[in-house]
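This report describes selected features of a predicted model.

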Amino acid sequence: MAQTNHNILIESPGDWKDYEIIDSGDGMKLERFGDFILSRPEPKALWSKSLSDSEWRKMAHTVFHPGAGFGKAGKEDVGTWEMLKKMPDRWFIEYKGKDRRAEEWSAFRHGVSMARCIDGGQKTGDLLRGQKTGDLQMEQKTGDLQMGQNSSNLLRGQRAGDLQTGQNSSNLLRGQNLGGLYMKMRLGLTSFKHVGVFPEQASNWEWIYAHTQMLCNSLYVGSLKANEVGGRNFGSDVVSQASGHFGKKNGISEKPKILNLFAYTGGASLAAKCAGAEVTHVDSVKQVVNWAKENMTSSGLDNIRWIVDDALKFVKREIRRGNIYNGLILDPPAYGHGPDGERWKLDELLFEMLEECSKIVSKEHSFVVLNLYSNGYSALLADTLLKKAFGGGDPALLADTLLKKAFGGGDSASEQNKSGMNVSLKDGVGREYTCGELVLEDKFRKVIPLSVFARMFTK
């Protein structure tokens, strides 16, 4: 029996204070969002509940009941919420990434306050110890760094509040915030059973945040090298778009550009923005875009570019404009309509969308994240779609000699299994591919598979 070299990852949210799935079964799931517990349909919960129906109703603040449209295309989730306990129509939850939680624990353990990119009403970039930007710190002159450092040592794009006590600014890479990944998202009860966030997406948020930071650092280092070459030979400030480096100001490259398509209420957009990117958020529903704007403001962020448009039409216009992005995020629905009635059907248009997207992504220093909820789509299918559209699907490029070269010699198949990645080459560029499922695991260890993903990262 032949074996493939594909590794399918299984990912679920980590330590999330404001969310947990308590129980699942009989086509339902019982979840806590902040202070409130919701019972709502989950078709993939085919097993029986671990808690009794009476226990569910005793715990839940509200229960979603599907309406007459249940089972009809486009309306299967329409229904009403039955209120069992008093709760608001709208409320907020927070998400703190792994690095953010580690910093808060370290600060607590050592009894020191820390600079926060967002929190407690502080503005992004406020100084340590709760001082306002521009105030004196350690009785130094305004504009000087902590510990007597000169402000000229600050890398472009960073704020004074990004420096920790005693840390030298030269050790900080452009685009990284001390506050880490942080979101504050508004939730609400909709007639489609959704509440404004898909908790299983936390794994994608973490990946997007980490890899956007990598892009920030790669572009910064690349701009320094380009300055050296330009200074010696041409004195030019222009770096090739094809290499993922965009026009520079004052000798420093621009932030990486991230495009989020079918972007919903913006969790992925906020993750990329927290990491220091220029973010364009595209969704066809104006009300949803306004919801995402509210999440941006609540999270202490700003300057996301908001577009209400049909995703495929927008991408085709970006091709004509010659715009290039370092990161693409796609979470397309099974079906939908654009603002002008454009028809979207996943089975018919997904591969065309990916092929078009391949024309606006940088050849180096870039990533693509594809997430799919549609039933019948597997992680391997998503992985194959991504490779075929963006490179790596040609068997000739997967020859053992090329893979050995990519791994510096050694057995390519075993290295693939060790790394958990599918690595291929195209035009001499190493592309790392991963694929898997996003799941939720309740308190009784029952695992609900909810979506599949495929990711590509080009160094």
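## Helix α6 and its surroundings

Just after α6, glycine 322 adopts a positive phi of about 80°. The helix itself spans residues 311-321, and its buried residues are Ala311, Leu312, Phe314, Val315 and Glu318. Viewed down the axis of α6, these buried residues fall within an arc of 160°, so they line one face of the helix. An α-helix has 3.6 residues a turn, so residues three or four places apart point the same way.

The packing partners of the buried residues of α6 are β11 (257-261), β12 (278-283), β13 (305-308) and α7 (346-357).

## A nonpolar surface patch

On the surface, Ile8, Ile10 and Leu380 form a nonpolar patch, and together they have about 260 Å² of accessible area. Isoleucine 10 belongs to strand β1 (residues 8-11). With a relative accessible area of 54%, isoleucine 10 is exposed.

## Aromatic pairs

The structure contains 11 aromatic pairs. In one of them, the rings of phenylalanine 64 and tryptophan 81 have centres 5.1 Å apart and planes at 70°, so the pair is edge-to-face. Phenylalanine 64 lies in strand β5 (residues 62-66) and tryptophan 81 in strand β6 (residues 79-83), so the pair ties together parts 17 residues apart in sequence. Both phenylalanine 64 and tryptophan 81 are buried.

Tyrosine 95 and tryptophan 205 also form an edge-to-face pair, at 5.3 Å centre to centre with 75° between the planes. Tyrosine 95 is in strand β7 (residues 90-96) and tryptophan 205 in helix α3 (residues 202-234), so this pair ties together parts 110 residues apart in sequence. Tyrosine 95 and tryptophan 205 are both buried.

Definitions and conventions:
Residues are numbered from 1 along each chain as its sequence is written. This is a predicted model: local features need pLDDT of at least 70, side-chain atom pairs count only at pLDDT 80 or more; totals for chains, interfaces and linings use all residues. Side-chain values use heavy atoms; hydrogens and water are left out. Buried means under 20% relative accessible area, exposed over 50%, partly exposed in between (1.4 Å probe, protein chains only). Helices (H or I, at least four residues) and strands (E, at least two) are DSSP runs, numbered from the N terminus. The arc is that of the directions from the helix axis to the C-beta atoms. Contact means heavy atoms within 4.5 Å. Patches are made of residues with over 30% relative accessible area and no salt bridge: like charges are joined within 9 Å, nonpolar side chains (Val, Leu, Ile, Met, Phe, Trp, Tyr) within 5 Å. Accessible areas come from the Shrake-Rupley method with a 1.4 Å probe; for residues, only the protein chains shown count as cover. A salt bridge is a side-chain nitrogen of Lys or Arg within 4 Å of a carboxyl oxygen of Asp or Glu. Rings of Phe, Tyr and Trp (its six-membered ring) pair if their centres lie within 6.5 Å; planes under 30 degrees apart count as stacked, over 60 as edge-to-face and the rest as tilted.
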